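Me: I would like to learn how to read the features of a structure, one at a time. Could you take me through this one?

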Amino acid sequence: MPLSCRSWLSNEGGKHVFLIFWLSINVLLFWKTFTLYYYGAQYYYLHRMLGLGLCISRASASVLNMNCSLVLLPMCRTLLAFLRGSHKFTSRKARRLLDKSKTFHITCGFTICLFSVVHVAAHMVNALNFSLRYSEDFPALNVAHYRDEDPRKILFTTLPGVTGFFMVLVLFLMCTSSSYSLRGMLKYQANLDQHPPGCIDPNKTLIDDFPAPEYPAEPFPEGYAEQEAVMENNSERFCTEAPKFQSNLQETWLWVSGPLCLYCAERLYRYIRSNRPVTIISVNSHPCDVIEIRMVKENFRARPGQYIVLHCPNVSAFESHPFTLTTSPTENRRTFGIHIRVLGDWTGKSKILQLN
């Protein structure tokens, strides 16, 4: 193998392998959720009503859940710094991969934006189908109150629709400032044993206004083996009771709660650590508008290549900026410094305060 290829694999191979693994998980999660809602017996009647809009909306929601759970992890800087500095748990390739955490954060954010568009578009189709395919046979399954109800009324007057709209608005504000959910509308059938999908109600004939999905030849997942036999001869079977529908369980909090708690704990630790006093030893002015600040902080030792996030409330109460640390072998190990190049408003105000 040429030296250039080995060098590329050593430096960039891990990043691309991780990217392929992450993409594979997204594709697998999307496909499994799509097939569940397309072929699942418990979603037979809902799929007949909503069609592909149901499958795409739920599949995109699964991808959103996973990426929302991952997007906060690259922002846990203290945890990443600990892993990167621990030679017992990480190799040089792993530490090089951890340096790409910001890129992974941006990638997850882009994926969330993309699938949010797909998710919202699919739910708009669902709202239209709820209106056009209103069924008097299944009142518990209908979100619309009557046939041909205005789909905008379904989207903007129901609780899932309003909360979903505000979630999209928050996502839009986050995206614009840095450069979910209609789930309650969707229900599944809970009494498959008493009412196999497509069976005949002796007291009421099932109205088939739209074609049923073609079920696969292979058997259903575990728990549905008996239902397969029923589906093959559904035209000759009778129901013992009307279908009963239940709302899907909320799953987003299961995906987000763990990383969110970890991120909040890490932010709390960083806040407590940032309250420790920092003593400025000297401020030196260098050519080309460069300022050197020498500091010392209790229980802190600078390491080669380390950086700090500098926050100066007198300059800005909301801005923080990273700077690489510089140390001198002739100084105390607890003494460290940073070099600031005056390029904007924040650094300009910092220069005035520090020189005064």
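Me: What percentage of the 356 residues in the chain do buried residues make up?

Reply: Buried residues make up 36% of the 356 residues in the chain. Buried means under 20% relative accessible area, exposed means over 50%, and partly exposed is in between, with a 1.4 Å probe and protein chains only. This is a predicted model, in which local features need pLDDT of at least 70 and side-chain atom pairs count only at pLDDT 80 or more, while totals for chains, interfaces and linings use all residues. Residues are numbered from 1 along each chain as its sequence is written, and side-chain values use heavy atoms, with hydrogens and water left out.

Me: How many helices and strands are there in the chain?

Reply: The chain has 11 helices and seven strands. Helices (H or I, at least four residues) and strands (E, at least two) are DSSP runs, numbered from the N terminus.

Me: How do I read a nonpolar core, and which residues have the most contacts inside the largest one?

Reply: In soluble globular proteins, nonpolar side chains tend to be buried together. A nonpolar core is a set of buried Ala, Val, Leu, Ile, Met, Phe, Trp, Tyr and Cys residues joined through side-chain atoms within 4.5 Å. The largest here has 21 residues, and Tyr45, Leu46, Leu50, Phe130, Leu141 and Ile154 have the most contacts inside it. At least two residues of this core come from each of H1, helix H2 (44–50), helix H3 (52–70), H6 and helix H7 (151–157). H2 supplies the largest share, five residues. Another core, of 15 residues, lies apart from it and includes Ile291, Met295, Ala302 and Ile340.

Me: How do I read aromatic pairs, and how many does a search of the whole structure find?

Reply: A pair of aromatic rings is described by the distance of the centres and the angle of the planes. Rings of Phe, Tyr and Trp (its six-membered ring) pair if their centres lie within 6.5 Å; planes under 30 degrees apart count as stacked, over 60 as edge-to-face and the rest as tilted. The search of the whole structure finds 14 aromatic pairs. One of them, Phe30 with Phe34, is stacked, at 6.4 Å centre to centre and 15 degrees between the planes. Phe30 and Phe34 are separated by about one helical turn because they are four residues apart in helix H1 (residues 3–39). Phe30 is partly exposed at 24% relative accessible area, whereas Phe34 is buried at 17%. Phe30 also pairs with Phe115; this pair is tilted, at 6.2 Å centre to centre and 55 degrees between the planes. The pair links distant parts of the chain, with Phe30 in helix H1 and Phe115 in helix H6 (residues 101–132), 85 residues apart.

Me: Which residues form one aromatic cluster with Phe30 and Phe115?

Reply: The cluster is formed by Phe30, Trp31, Phe34, Tyr38, Tyr39 and Phe115.

Me: How many disulfides does a search of the whole structure find?

Reply: A disulfide is a pair of cysteine sulfur atoms within 2.5 Å. The search of the whole structure finds zero. Cys76 is too far for a bond, because its sulfur is 9.2 Å from the closest cysteine sulfur, in Cys264. Cys264 is in no disulfide either, and the nearest cysteine sulfur to its own, that of Cys261, is 6.5 Å away. Cys76 is buried, with 1% relative accessible area, and Cys264 is partly exposed, with 43%.

Me: Where is Asn142 found, and which backbone oxygen does its side chain reach at 2.5 Å?

Reply: Asn142 is found in the loop between H6 and H7, and its 10% relative accessibility counts as buried. A polar contact is a pair of N or O atoms within 3.5 Å; within protein, one must be able to donate a hydrogen and the other to accept it, and residues adjacent in sequence count only if both atoms are side-chain atoms. The side chain of Asn142 reaches the backbone oxygen of Ser135 at 2.5 Å and that of Phe138 at 3.0 Å.
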